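Here is a friendly walk through one protein chain, from its overall build down to a handful of single residues. Please keep the sequence and the 3D view open beside the text.

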Amino acid sequence: AIAPEKVFKGQTDVPLLHIVVSVKGDNGQLSITQMQAQMQGDAPIHIYKVYATGQENAFATTQTFATNTHNNGTFDGTYTIEKEGEYHFWLAADVESAAQVGQTLIASLTHITAANAQVAPQTAEMAAAIIAQGISGMLNVGPNATYKTIQAAVDALKDGVDGPVTISIESGKYNQRVIIPHIPGLSPANTLTIKAASGKRGDVHIFHNKFDKGGYDPDQMANDYGVVTFDGADYTTLQALEISTEDLTYPGVIHLRNESRHVTIDSCYVHAPKSSNIQQKVTLLNMYAKSKANANNDHLTLRRSLLEGGYTGVRLGGTGFVSLLAEMGGQVVGNVLRNQGAKAIYVAREIGAQVEDNIIENETSTHNDFNGIDIDASGSVQIMRNRIRLATKEYCTAIYVRNMSGTLASLATIA
């Protein structure tokens with residue numbers, strides 16, 4: 001049982017049970033075709049799901065074995081095992097937004113069907129969680145507001161949310177760093193929006209001009225941060241904010257790490273001084289994923305924003321290990337990227353990247369190989385309707401294609 005003690009209405013992919021299937025000896029192909037669970041809780045559930053992660057012992061939602069919307073605990077699917085080892089499955093639930101505080105989720109595994117035979121679990125485990133009260137609504141930030149700093153408002157959400165939350169920031173300059181961690185309850189229904197109260201880009205300016213790398217750190221890249229850092233936060237939007245640094249040693253002005261998924265940067269102004277120096281490689285919107293399975297920051301959206309200066313405008317991509325599933329679903333749409341030092345848009349091993357309707361302008365870079373778009377992507381990649389105007393001091397390329405590979409069903413397109 002891996003259920004959290006508390007869950008929230010509207011929360012999705014709540015892990016309940018970890019199911020380990022151990023296969024020994026040479027069985028040829030072994031097919032798992034059904035899992036049967038008993039559901040006893042009274043919380044309304046939109047859908048139950050069983051995910052498969054192969055021999056990776058970490059919860060992830062990238063491969064679905066089966067789903068069930070009838071609350072009868074039957075999961076019919078197909079999963080083929082071809083060699084001995086331990087294979088991991090995860091029972092999870094999406095909680096309805098109509099769930100009430102105090103209602104419960106209770107689940108236990110009855111059996112699985114493998115090679116047409118029912119196999120009962122060696123140990124009986126019961127997962128139990130209770131619907132808890134979370135935060136929702138508006139949190140105000142500013143000199144005259146409840147929260148004096150943006151971080152204080154973010155920290156107020158640490159115990160969980162059970163509805164949409166907006167952090168509304170009064171106009172002014174905020175000399176501070178912001179870290180947005182994993183917040184329990186965030187989901188497609190329970191979103192977090194951090195925005196200027198006025199709705200006007202430029203009225204709220206978040207900045208920080210001193211990056212402190214500290215002493216020797218063998219895992220420095222995993223611990224790097226930005227002026228605003230997404231540190232495992234999901235379903236979070238920055239809207240109509242100005243965010244900047246003057247310190248070119250910052251890895252990113254906005255920085256994503258630790259499986260921050262479904263993050264949206266909307267109508268923002270992100271800037272730093274232009275740099276062509278490889279020792280000062282500030283990226284305006286940067287991403288980092290550890291070299292392990294299912295650690296990517298999937299489904300980032302950058303839209304309707306202005307990005308000026310820096311070494312790179314936006315870096316879209318996750319783990320560089322070719323044996324691991326690449327990051328997916330990134331969108332860079334309807335932005336203006338102006339006068340970066342080396343690259344405006346860098347797409348590194350992204351599945352299904354969409355780079356559309358952007359304006360890329362550069363007449364100041366002294367880099368000896370400036371790229372408007374530098375791309376390595378697969379699947380239904382769409383590079384479309386971008387306007388690129390380059391008059392740099394040295395050699396430049398509008399679109400540098402390292403690799404684009406689609407299929408008949410999922411075409412890769414430049415148009």
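## Contacts along the chain

In the protein chain, 79% of the contacts with a separation of 6 or more are between residues 24 or more positions apart; contact means heavy atoms within 4.5 Å.

This is a predicted model, in which local features need pLDDT of at least 70, side-chain atom pairs count only at pLDDT 80 or more, and totals for chains, interfaces and linings use all residues. Residues are numbered from 1 along each chain as its sequence is written, and side-chain values use heavy atoms, with hydrogens and water left out.

## Overall build

The protein chain holds 2 helices and 37 strands. These elements are DSSP runs numbered from the N terminus, with helices being H or I of at least four residues and strands being E of at least two. The C-alpha trace spans about 70 × 55 × 45 Å along its principal axes.

## Surface and charge

The accessible surface of the protein chain comes to about 18,200 Å², and 47% of this belongs to carbon and sulfur atoms. Accessible areas come from the Shrake-Rupley method with a 1.4 Å probe; for residues, only the protein chains shown count as cover. Of the 415 residues, 50% count as buried. Buried means under 20% relative accessible area, exposed means over 50%, and partly exposed is in between (1.4 Å probe, protein chains only).

The protein chain has 31 positive and 40 negative charges, and their mean positions are 7 Å apart. Lys and Arg count as positive and Asp and Glu as negative, while His and the chain ends are not counted. The place of a charge is taken as NZ of Lys, CZ of Arg, CG of Asp or CD of Glu.

## Nonpolar cores

Which residues have the most contacts inside the largest nonpolar core? They are I167, I180, I194, F230, L238, L241 and I345, in a core of 63 residues. A second, separate core has 36 residues, including V14, V21, I32 and V50. A nonpolar core here is a set of buried Ala, Val, Leu, Ile, Met, Phe, Trp, Tyr and Cys residues joined through side-chain atoms within 4.5 Å.

I180 is worth a look in the viewer. Leaving aside neighbours within four places in sequence, I180 is in contact with residues including V154, L192, I194, V228, F230 and L238.

I183 lies in the loop between β14 (178-181) and β15 (192-196). Is I183 buried or exposed? With a relative accessible area of 3%, I183 is buried. Beyond its neighbours within four places in sequence, I183 is in contact with L157, V161 and L192. I183 and G372, 189 residues apart in sequence, are 36 Å apart in space, C-alpha to C-alpha.

## Loop residues

Two asparagines come next. N294, in the loop between β23 (283-287) and β24 (301-303), has a positive phi of about 60° although it is not a glycine. N294 counts as buried, at 16% relative accessibility. N339 also is not glycine and has a positive phi, near 60°; its place is in the loop between β29 (336-338) and β30 (343-351).

G320 is found in the loop between β26 (312-317) and β27 (327-328). G320 is exposed, with a relative accessible area of 54%.

M328 is found in strand β27 and counts as partly exposed at 24% relative accessibility. Leaving aside neighbours within four places in sequence, M328 is in contact with D298, H299, E350 and I351.

P15 lies in strand β2 (residues 14-23) and is partly exposed, at 21% relative accessibility. Not counting residues up to four places away in sequence, P15 touches I2, A3, P4, F59, L91 and A92. P15 and A1 are 14 residues apart in sequence and 8.7 Å apart in space, C-alpha to C-alpha.
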